[in-house]
Amino acid sequence: MIEHELSLYINDRLHQVVVDSRRTLLDLLREQLRLTGTKKGCDHGQCGACTVLLDGTRVNSCLVLAVTCEGAHVTTVEGLGTADALDPMQEAFVQHDALQCGYCTPGQICSAIGMLDEVRRGVPSHVSSSLEAVPAVLDEREIRERMSGNLCRCGAYVNIVDAILSQVG
Amino acid sequence: MRPFEYFRPSSLADAAQLGAVSGAKYIAGGTNLVDLMKLGVEQPDRVVDLRDVLEQEIQELEDGSIRIGAGVRNTDLASHPLIRRQYPAMSRAIVAGASGQIRNVATTGGNLLQRTRCVYFQDVSRPCNKRAPGTGCPALESGGLSRGLAIFRTSEECIATHPSDLAVALVAFDAELALWRDGQERRLPLEQLYTSQESAPGRETILEPGEIITAVHLPAPVDGRRSHYVKVRDRASFAFSLVSVAAAVELDGDTVRGVRIALGGVASRPWRARSAEQAIQGAPATSANFSRAIRDELTTAVPTADNRFKLALAHNLVVSTLEELI
């Protein structure tokens, strides 16, 4: 076991921890810091349940080694809102009944927030008909493509898309 | 996962020295390496993080060529105005691969060095000539799974495909790499990065220990050239290609003045269809000519019973992509 001291900000709070070099950001959050809002699904970057915002962009925390996160700013679902003051995207998921079991939901919400920011920054997608149109016009097809890194095994996709569409500014 | 030392050097010289020892692996985005370490396919003793030493910029140089830092993230490369305007096939190739989360982390250099997704390579309980030389290849045995694997054989021992979409587009544009070693930068055509793999499918690139890709150079754009990237896969999104094509065409009236065709999902490396290009160049831009040219190129393919469909797929995809560009 080879350990490293690590300082990083999680939901704007500085954490100083000691991590095994093998530890992923996902396991640091869940096992060491007990921030269990972020979920482990496949642990191979395919399901998106572990999605968090790392320095503002959405990433699979299961594929990030914690030791590489020195000085980084991580936002998890716990940092988005509180039970009394939900983030607008959380509120939209509630209003649109965009879940069944809820396991994929923290990842879906973090991913949707990161995705909308990508669109504002002009990131194209596979289904964007023109690479010249910036930013892309978000319709159902665009949302489904841009959210393809988040699986929902209950199949709540119809309402997930509606919830995200309601937040397109 | 086996324990490993972790280093985060602040200079290329330190990175080269730390990475030159046996058992060391470089990490940039890590989206492929970390996955392979979890699977036990990669078992480095030492991981050297390149995040502080790789170039992160995309620059237009005086001669009109473009230098892309090896540390530029896939999302940022696909979104860059110069790339989407002058090299649309590259933007299209990037967004045709992986997911938003992975593209945000994966780097330009790492994308080119990712390993095959052949199921046998990724499963350490199975033999694999690429992962464990000489143990055999279940994909080549009867009943083996080879639907997604190569039709152009570069090795008798392995039919794994190179998984990158970006590399296919870059090969079509004659991209070059900037490689750093012993304090010197050298240039190498990207196509020559990948070995023929004839007798050693595990040795995929010509990179020496401690050698680092620092940038990718794109030749200046050509007036009147149109380019496109089309990918066919088993599902609509977030899947590796069965066959993909990067193509670029310049016309002179009804005649093809220049053409580039590179195929993905068909070989151990991006497959530049040079004989098809030669047949098309200087000839009238007709579907019949395109069809004949790619049909001839495909005569050297050796498909398995499982992936014979790729012959018709590659043919139709090349013809329809070229038709779209004229």
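**Reading burial and ring pairs in a predicted model**

Visitor: Are B:Phe152 and B:Trp271 buried or exposed?

Guide: Buried means under 20% relative accessible area, exposed over 50%, partly exposed in between (1.4 Å probe, protein chains only). B:Phe152 and B:Trp271 are both buried. This is a predicted model, where local features need pLDDT of at least 70, side-chain atom pairs count only at pLDDT 80 or more, and totals for chains, interfaces and linings use all residues. Residues are numbered from 1 along each chain as written, chains are lettered from A and ligands numbered from 1 in written order, and side-chain values use heavy atoms, without hydrogens and water.

Visitor: What share of chain B is buried?

Guide: Of its 326 residues, 60% are buried.

Visitor: How many aromatic pairs does the structure hold?

Guide: Rings of Phe, Tyr and Trp (its six-membered ring) pair if their centres lie within 6.5 Å; planes under 30 degrees apart are stacked, over 60 edge-to-face, the rest tilted. Over all chains there are two pairs. B:Tyr87 and B:Phe173 have ring centres 5.2 Å apart and planes at 90°, so they are edge-to-face. Both residues are buried. B:Phe152 and B:Trp271 have centres 4.1 Å apart and planes at 0°, so this pair is stacked.

Visitor: Where do B:Phe152 and B:Trp271 sit?

Guide: Helices (H or I, at least four residues) and strands (E, at least two) are DSSP runs, numbered from the N terminus. B:Phe152 is in the loop between helix H7 (108–112) and H8 of chain B. B:Trp271 is in strand S12 (residues 271–272) of chain B.
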